Structure formats: C-alpha cells, structure tokens
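Open the model in your viewer and keep the selection tool ready.

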Amino acid sequence: MNISEEPNKPNSLYDTSSSHPLLANLPYPSSSLSSPFDENASDYAPYLHISYNHGPRSFNDLHFLFLFLLFILSTFAFGIFAVFHHNPNYSTLSSFSFDPNTSSCVKPSISTSSFNWEVLVSLDFHFSYSPNIVKDLTWTVVATFIFSLPICCFILFSLKHYTKHLVYASIPFFIIIPIFLNVYWFVACTVSSNCSHAFPLGYRILVLVFIFLIIGIIVWVLVVNWYRIELTVSIIGVASNALSRNLGLLGVLPCLTIGLVVYYVPIVLFMVFARFNGKVVPKHLHGDEYDCVWKEDSWVPAYFALAILTMLWSATAMKEAQVYVISGTVAHWYFTKEDETRRRGIITSLRNAFGPSSGTVCLSGLLLSVVRMVRSAVDNARREDATGIVNLVLQCCVNALLAAFDFLNKFTINFAAITGEAYCLSAMMTYELLRRNLLSAVFVETISSRLLAGIVFVLSAIYTIVVCAILKGVTNLGSDSYSVAALAWVLLIIVLGFLVRVLDIVIDTIYVCYAIDRDRGEVCKQDVHEVYVHLPISRSLRQSITRKTLGV
C-alpha cells in the first residue's frame, strides 16, 4: 500500500481491557480480541498497517477519471456545435404554412415579432399582479437567509457545549409541534367557510386521526430507542467539536456547490440550443390538410441523453468529492497533534480530492449514479403496480443490494480520504477493518441523523411560526402569509439540512478513525475514545467470533 508514517505519535496506547466494558461479554478476554484471526493471519496481512496518509499520494482509478473527462468534453463539444448549427426558424415555427405547390412549409416574406412582445407583456402582467406578495416574499426570503447563518452557528455552538441540554429540550417538541400544527389546521379549516365547504368534516377528521397515528409512531420510536440517546448525544457532541475545529468546511463546501451550478449553466444552454437543431417539415393530418411541425435532427435525443448523464454523474461526483474533503479534513485533525496547524487540512483534502484521488471520486460518483437510476426504475415499477411473485422477489433483492451498497460506499469514500487508496481496495479494507473490530454502526448511521433532523425540524418550525405571526400582524397578505412562511421554512430547512449533512459525514469519519485507532491499539484523540468506547459490538460479528473461538 501507499501509506506513509504519521508525523506524530498517538497520546497513549489503547488499553482494550480497561476501556471496552462492552467487550467483556465475549467468551474470551478482551485483551486477546485478535486471537480468532490468528489462524487466518495471512488473509489480513495487507490490512495490518492502516493509518492516515500524510505524505504524497499516488493516482488511482485513472481510467474512470479519463472516462468522466471524455463525457464532459463530448458534452461541451457537441454543445458548441449545437450553438453554431442551430436553426433560427424554430422561434418562428407558428408563422410557417404549408405550400401545396412545393409540398413544403414556407414562411411569409413579412413576419412580425408579436409573439415575443406577448411573452414580455404576459411576464410583466404576472409580476405586477401581486406586488405585495412579491415584496413581502423577497424580504422574508432575504431575512431568512441572513438569520440562517447565526442559527447555524447557534446550533453548532450548542451541540458542542450543551449537547445534552439541546437534545433533551428538543425531544418534547418532536411531539408538541406536530400536535399543535395538526390541531391548528383542523380548527382553522373548520372556522374558515371556504375551507370547510371544500374539505368536508368527515375527511378532516380522517386526516386529523391519521396524523395523530403518525405522531403515535414517533412516540413509540422514541420510547424504544430511549436507551440509545445518551450515547448518541455524546457522539453528536464529539462531531460538533470536530467540526468547530474545521469551520472552514462550512465555507468551502457551499463554494463547491456554487461551482457545480456555474458548471451546469453552459450545459443547460447547450441543451436548449440542441433543441433548435432541426428543420420545419410538413405533417399530414387527414385528407388534404397539412400542418408544419418541427423535426429535430437525429443526433439531438442522443445528445440530451449524454448531457443528462454527464450532469447526473457530475452531481454525484461532486457529492462524493465533498464527502472526501470533509473526511480528509476531519481525519487530518484527528491524527494531528493539538499544537500543529490544521489550516492545511482543508487545502490538502481539496488537493487530494481533485488530484490523486479524483479517479476514485469519479468511480464512486458513477456507482452512486447507477444506484440512483436503478432505484428510480424500481420505484417506477412499484408505482405502476407491477404484479407477480417474480417482480416482488426481484424488487426485494434489488432493494437489499442497493441498501448494502449504500452502507459500504459511505464508509469506503471516508476510508479512501484517510488512506488515499483506490476505491475497490478501500472497500475491502473498510469491510475488514469494521469486521475485525466488531463495531456496530447503528448509532452513527441512523439514530444521530434522526436526532439532528428532529432538532432542525423543531427550530425551523418555531422560526416558521414566528415568521407567520409577524406576517399576520404587520402585512395584509391574509391567507398568503402561510405560503410565504412555508417558503421561508423550506429555505431554512435547506440551510440547516446542509449543516446536518456535514455533521453526519463528520460522525462517519470519526467512526472510521476510531476503528483505525482501535485496530492499531492507539489513542490519537482521548475524548473521542472516551465516547466511542461505549459503542456496542456488532451482534452478527460477535456470533461469528464466538463460533470460531469455540471451534464450531
């Protein structure tokens, strides 16, 4: 492997007998945790020295990078051709008429531009129709975006220093806010004559009861998982501390997203001009009647497919690149001494993501694109009510494979960012790393994400209620204030959802870093080990180790 030694040594050796109480239930002492693997030591020889790669990294998966660049170059080359080869007659299609003498469509010598003026007039009328709504909506959106930044800082600061207080204070609102909103809409609709006539009482009661059933399910989920919340709170606190040490990520990642949007602009323009490539042809309707229609060139549908695939692959590759940058930066912080500078972590991760590991990022993005297309096909088949036991079995198998891939791919890109290895080797090493250390990922996979999503929902709902009350009090929007407040809620959810996504990736990365520490018998971040040491072992892996130990 291409992994160099770390520039610093960990604080202390990792004492499994004293810091892994949950491993005491194994049928052999925790200090001999690796004994079941001794008989197959040769199988794990390539995975014995996993560590963060501080040194130069080699280029991996280059053939996928070249394939990705080929897609991009082809999209831009054919797009430029479409711009210079477009037919201007597309915009004046309505002025063409069929000429029976020449059996073709001809355009009168005098043409007007009334269509464009009608479009402009209609747009002007649309925007001047409700000036109060446009003005209040603009100010609300701008204010929401401005306030979202300090709200993000407040959430991150609270999760770092007062994690338990924020989580336990938010949990009751997981139930109170849905109940309040459910009762509020029911009463408001009953009081309003228009709503009550459009929505009969029987249907309102059914919706009311259905939402209460959903709230009951939420309560049941909280009760069942209550014993896990304490550990999850500590994990979220550790991740918030790690993110606060690398706040530059919150500025770099939006810039990458903006760069992706800017990159999309010419492709969208190319697709628009590609539609202009063709000619006006006559179409026989019936009898002696003909109509003039637009016939695209034969290559246009293929170009649309190429451009859409390129955009999809670019989106997933950028998503994986962001995960790579976050993982590399957090891992650099994790395996670096406290007194060393961490500013280079983001720069190094960016350089690795778009340099030596760009092929790995492209491969991961390609696989993610394929998975999304397959999942979309499965969902479409389900919506079309595909019957038959064979279709049902195939859907179950495909969903199981896709879920397994999602789990493996998530930790694979984290591992690749840490070690710099190729995608396939990173997938194998990740699997062996987690299997050797018997760690359960349920806490870092689902529970922390749900708690963070719940906190975001509570804060955004409170903000939306305040915005709606202000709009009701100081504007004359009336019922339109609900729509404006809903748009503000959507914007705030998007911004806070970005923060939650970053925290989720940080949690996954620290999870892998902890597994590497545990595998090497070292401690690079004592506060992380004090929390992650309480992770329960994986039941399936524990059973397999028990059978090996007992000689079954």
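Select V466. Its relative accessible area is 42%, so it counts as partly exposed, between the 20% and 50% cut-offs. Keep in mind that this is a predicted model.

Together with V466 they make a nonpolar surface patch of about 520 Å². The greatest contribution comes from α15, with four residues.

Next, go to the largest nonpolar core. It holds 104 residues. Select F335, V506, I510 and Y532: these touch the most other members. Then colour helix α16, residues 480-520. It gives the most to this core, with 20 residues.

Stay on V506 and show its contacts. Which residues does V506 touch, leaving aside those up to four places away in sequence? Look for A239, A242, L243, I326 and V330.

Finally, zoom out to the whole protein chain. Switch to a cartoon: there are 18 helices and six strands. Of the 552 residues, 42% are buried. Among contacts with a separation of 6 or more, 80% join residues 24 or more positions apart. Finish with the surface. The chain exposes about 29,000 Å², and carbon and sulfur atoms supply 68% of that area.

Notes. Residues are numbered from 1 along each chain as its sequence is written. This is a predicted model: local features need pLDDT of at least 70, side-chain atom pairs count only at pLDDT 80 or more; totals for chains, interfaces and linings use all residues. Side-chain values use heavy atoms; hydrogens and water are left out. A nonpolar core is a set of buried Ala, Val, Leu, Ile, Met, Phe, Trp, Tyr and Cys residues joined through side-chain atoms within 4.5 Å. Buried means under 20% relative accessible area, exposed over 50%, partly exposed in between (1.4 Å probe, protein chains only). Helices (H or I, at least four residues) and strands (E, at least two) are DSSP runs, numbered from the N terminus. Contact means heavy atoms within 4.5 Å. Patches are made of residues with over 30% relative accessible area and no salt bridge: like charges are joined within 9 Å, nonpolar side chains (Val, Leu, Ile, Met, Phe, Trp, Tyr) within 5 Å. Accessible areas come from the Shrake-Rupley method with a 1.4 Å probe; for residues, only the protein chains shown count as cover. A salt bridge is a side-chain nitrogen of Lys or Arg within 4 Å of a carboxyl oxygen of Asp or Glu.
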